[in-house]
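I opened the model to look up a few residues and then the chain as a whole. My notes follow in the order in which I checked things.

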Amino acid sequence: MSVFKFKEFSIIQEKSAMKVGTDGVLLGCWVTCENANTILDIGCGTGLITLILGQRNLNSNVTGIEIDKIASQEAQLNSSNSDWEERIEIKNTSLQQFTSLSKFDLIVSNPPFFPQNKSQHSRDIARHTNTLSFEELMDNAAKLLAEKGIFAVIIPKNSEEYFCKIASVKKLYRNRVCYVKGNETAEVKRVMMEFSFIKSAVLTEHLTIESSRHNYTDKYIQLCKDFYLKM
């Protein structure tokens, strides 16, 4: 069985197309979640970010939605095996079909970001925007976000400008950004961003993962030490 073990929970990922990855861990560890009573994880996969946030904020109720049935089943299993089962709900649904009677204090997403393709392979579907475009993601997130809520994503650096333009149409303003690169000489490949309906000065951060091969920077260790087994 394919299992990724963290310090306080495990992710069974036997059948799911998308496995545990650095992007999801980064977003889950980085996002501001301390004051969020209600959290929505859009495209939760096997429940990685859902469980990280469940661990980080013990006062929160976390809803994870996932369009892929197999992934949602494993997310449910991973939630059931965790210490936070009573505060986590997994729903097998698309964002477009998801409805909620109340809005969320925090919405997070590690969305599909490669351009649409014609592949029917489950991993390709999970990684490409066939089922969820940036426009659809932003439109629905804006409708589900509380007045003082935070919407956070991790996307490729080359999509940053386009994503921010879409956000501005929905009156969502970037408040915090973190540029991520693999090592000191690498280019920035990922950007994490927090948006809200409130305009403010943008807090800009930078994160380098490795100082040398398999040697992690102090900043990365500090961010992820409560989760990875060997940190």
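This is a predicted model: local features need pLDDT of at least 70, side-chain atom pairs count only at pLDDT 80 or more; totals for chains, interfaces and linings use all residues.

Residues are numbered from 1 along each chain as its sequence is written, and side-chain values use heavy atoms, with hydrogens and water left out.

Is Glu 187 buried or exposed? Glu 187 counts as exposed because its relative accessibility is 63%; the cut-offs are under 20% relative accessible area for buried, over 50% for exposed and partly exposed in between, with a 1.4 Å probe and protein chains only. I also took its C-alpha separation from Leu 77, which is 37 Å for residues 110 apart along the chain.

Entry two, positive phi. I listed two residues other than glycine with a positive phi. Lys 171 has phi near 60° and sits in the loop between helix H6 (160-169) and S8. Its relative accessible area is 51%, so Lys 171 is exposed. His 214 has phi near 70° and is in the loop between strand S11 (210-212) and strand S12 (215-216). With a relative accessible area of 54%, His 214 is exposed.

I found Val 3 in strand S1 (residues 3-5). Val 3 is partly exposed because its relative accessible area is 35%. Beyond four places in sequence, I find Val 3 in contact (heavy atoms within 4.5 Å) with Ser 10, Ile 11 and Ile 12. Its C-alpha is 5.9 Å from that of Gln 13, 10 residues away in sequence.

Which residues have the most contacts inside the largest nonpolar core? I get Phe 6 and Phe 9, in a core of 37 residues; such a core is a set of buried Ala, Val, Leu, Ile, Met, Phe, Trp, Tyr and Cys residues joined through side-chain atoms within 4.5 Å. Elements that each supply at least two residues of this core include helix H1 (22-30), H2, strand S7 (145-156) and helix H7 (218-224). Apart from it I found another core, of 28 residues, with Leu 95, Ile 107, Leu 137 and Val 191 among them.

I then listed what Phe 9 touches beyond four places in sequence: Phe 4, Leu 48, Leu 51, Ile 52, Gln 55, Trp 84 and Phe 227. Helix H2 (residues 48-56) is mostly covered, with 8 of its 9 residues buried. Leu 48, Leu 51, Ile 52 and Gln 55 are among the buried residues of H2.

I count 7 helices and 12 strands. The radius of gyration, taken over C-alpha atoms, is 17 Å, close to the 17 Å from the globule rule (2.2 Å times the number of residues to the power 0.38) for 231 residues, so the chain is as compact as a globular protein of that length. Buried residues make up 49% of the 231. Of the contacts between residues at least 6 apart in sequence, 68% join residues at least 24 apart.

How values were computed
Helices (H or I, at least four residues) and strands (E, at least two) are DSSP runs, numbered from the N terminus.
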